[in-house]
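Open your viewer and get ready to click along.

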Amino acid sequence: MMKREGAMGKTVHDEYQPLCLMVYLGGRCRLSCLYCYGSKDRPQEQTVSMMGFKHSLELVAHHCRIKKVPLTLVFHGDNEPLVYYDRIRSLVSVARETLAGLGVGLVLVCTTSGVASRKVMGWASKTFDHITLSWDGPPLIQDVNRPFKNGKGTSGFVEKAFNILKQGRCRVAVRTTITQNSCKDLVDIADYFKEKGVTRMVVCPVYPNRDETFPRDLIPDPELFATFFLKARNFGMQYGMEVIYPGVRPREKHAQYCSVLQKNLIMTSDGFLSGCFLATHNAMGHNTGFLMGHMDPDRAVLDQDKIDLFFDRTQGGFEQCQACFNKAHCAKGCPGVCPLVHSYSHQFDCRAEKIIGRALILEHQEQARMAYQGQVE
Ligand code: SF4
Ligand code: SF4
């Protein structure tokens with residue numbers, strides 16, 4: 001890890017060099033998901049300033065230019081980005097103009113619930129390089145998990161959205177959130193998506209969140225989740241559909257989802273730079289500990305002490321992970337378990353990560369063995 005001596009003899013970290021700018025545009029959404037992570041008592045709307053956005057973009061572009069990589073610009077759910085269609089169009093146009101002037105490429109990414117007009121979806125399909133569509137499965141699951149605020153089902157909308165998106169230029173991944181109630185249906189869910197033409201299914205269990213905005217019994221039992229995830233994964237492999245659990249990635253170096261580790265700069269709509277993807281605003285002051293800067297008002301001002309804190313706490317590591325086979329590839333309980341909140345001695349349940357990690361490592365070993373055997377025969 002690169003460290004240097006800072007002012008007053010403090011150790012500061014040089015390695016926070018964001019290559020991705022993630023923008024949370026505001027809290028509007030037409031759905032009322034069972035496991036919504038948004039704060040129910042969020043106060044009035046604010047949005048990122050154009051000047052502030054441009055400054056943050058230039059800050060990230062500086063690092064992209066040095067690394068010779070395109071800048072990834074992400075519009076993320078806090079709660080439904082495409083509600084802010086007009087705003088996104090303006091921001092994309094500023095990004096294109098600014099980055100063209102700096103000689104830096106642009107990769108555009110958006111998450112969506114799929115509940116937007118045909119016109120907006122059509123535009124999104126032609127504009128973004130990658131879209132993650134939140135879709136929990138067949139109507140019996142989707143309409144229970146992710147209904148409209150008036151209780152009506154969203155299945156029809158989401159399926160239409162997917163059909164529009166797959167005709168565009170973007171790569172579409174479906175993000176499926178699994179509750180305790182839908183765990184055992186994971187293979188049926190994968191089968192349903194295979195029939196619809198989905199090629200990439202990202203499976204996430206409901207995570208515990210800090211604000212406790214939903215009943216805890218929606219969180220799946222770890223062993224049940226791991227067992228049915230692996231079955232769904234095997235099913236997907238037979239049909240050329242990727243089925244992924246982002247919490248364990250044996251093929252890459254992986255840790256918690258903090259901005260500093262993921263090389264992200266996150267702008268919140270109320271003028272902060274967030275260090276945590278769950279800290280999407282700080283309207284009630286409840287996320288102050290998870291911020292790593294602010295807008296002043298049109299300049300991004302990073303707080304080096306907070307950046308150092310994120311690095312130090314995440315790299316200090318939980319005691320239970322120190323000797324684990326999975327430690328270089330595991331999100332280590334994030335976001336339910338967080339080194340900024342819990343002490344290193346905190347014991348937590350990571351059976352799902354261990355079961356999935358072991359299965360994927362064995363699978364890769366077997367693939368390597370077969371490839372080797374093919375070479376020598
Ligand atoms: S480790 Fe903590 S701060 Fe980092 S992303 Fe996870 S919950 Fe947020
Ligand atoms: S599997 Fe458990 S012990 Fe191992 S790295 Fe992940 S969270 Fe830590």
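## Stop 1: ligand 1

The shell around ligand 1 is made up of 11 nonpolar residues, 2 polar ones and no charged ones. This is a predicted model, so please keep that in mind as you go. Select ligand 1 and show its surroundings: 13 residues surround ligand 1, and the closest are C258, C276, C334, P335 and C338.

Stay with two of those neighbours for a moment. Zoom in on the peptide bond from C334 to P335, which is cis, with omega near 5°. P335 sits in the loop between α9 (304-316) and α10 (351-376).

## Stop 2: ligand 2

Now move to ligand 2. Which residues surround ligand 2? They are Q320, C321, C324, N326, K327, C330, K332, G333, C350, E353, K354 and G357. Sorted by class, this shell has 4 nonpolar, 4 polar and 4 charged residues.

Pick out K332 from that list. K332 belongs to the loop between α9 and α10. Is K332 buried or exposed? K332 is buried, because 22 other C-beta atoms lie within 10 Å and 20 or more are needed to count as buried. Its backbone is worth a look too: phi of K332 is near 55°, a positive value in a residue that is not glycine. Most residues other than glycine have a negative phi, and most peptide bonds are trans.

## Stop 3: the whole chain

Zoom out and colour the protein chain by secondary structure. You will find 10 helices and 13 strands. The C-alpha atoms of the chain fill a box of roughly 55 × 50 × 50 Å along the principal axes. A compact globule of 377 residues would have a radius of gyration near 21 Å, and the protein chain agrees with its 21 Å.

Of the 377 residues, 38% are buried. Among contacts with a separation of 6 or more, 72% are between residues 24 or more positions apart.

## Stop 4: the largest nonpolar core

In soluble globular proteins, nonpolar side chains tend to be buried together. Here the largest nonpolar core has 89 residues, and those with the most contacts inside it are L21, V23, A161, L165 and F229. Helix α5 (residues 155-166) gives the most to this core, with 6 residues.

Select F229 and display what is around it. Leaving aside neighbours within four places in sequence, F229 is in contact with L186, V203, Y245 and I356.

Next, select α5. Its 12 residues should span 16 Å at 1.5 Å a residue, and the end C-alpha atoms are 17 Å apart, which agrees. The buried residues of α5 are S155, F157, V158, A161, F162, I164 and L165.

## Stop 5: helix α1 and what follows

Select residues 50-67 to highlight α1. This helix has 18 residues and reaches 26 Å from its first C-alpha to its last, close to the 26 Å expected. Which residues of α1 are buried? They are F53, S56, L57, V60, A61 and C64. As a hint for reading that list, an α-helix has 3.6 residues a turn, so residues three or four places apart point the same way. The buried residues of α1 pack against β3 (20-24), β4 (71-76), α2 (85-102), β10 (264-267) and β13 (300-302).

Just after α1, click on K68, which takes a positive phi of about 60°. Then select G103 in the loop between α2 and β5 (106-112). The C-alpha atoms of G103 and K68 are separated by 9.7 Å, although these residues are 35 residues apart along the chain. G103 is exposed, because it has 9 other C-beta atoms within 10 Å and 12 or fewer counts as exposed.

## Stop 6

Select K263 in the loop between α8 (259-262) and β10. K263 is not a glycine, yet it has a positive phi of about 60°. With 17 other C-beta atoms within 10 Å, K263 is partly exposed.

Finish with the bond between D296 and P297: a cis peptide bond joins them, with omega about -25°. P297 is found in the loop between β12 (291-295) and β13.

Technical notes: Residues are numbered from 1 along each chain as its sequence is written. Chains are lettered from A and ligands numbered from 1 in the order in which they are written. This is a predicted model: local features need pLDDT of at least 70, side-chain atom pairs count only at pLDDT 80 or more; totals for chains, interfaces and linings use all residues. A residue is near a molecule or strand if its C-beta atom, placed from the backbone, lies within 6 Å of it. Ala, Val, Leu, Ile, Met, Phe, Trp, Tyr, Cys and Pro count as nonpolar, Asp, Glu, Lys and Arg as charged, and the others, Gly among them, as polar. A nonpolar core is a set of buried Ala, Val, Leu, Ile, Met, Phe, Trp, Tyr and Cys residues joined through C-beta atoms within 7 Å. Helices (H or I, at least four residues) and strands (E, at least two) are DSSP runs, numbered from the N terminus. Two residues are in contact if their C-beta atoms, placed from the backbone, lie within 7 Å. The expected span of a helix is 1.5 Å times one less than its number of residues. The radius of gyration is taken over C-alpha atoms; the globule rule is 2.2 Å times the number of residues to the power 0.38.
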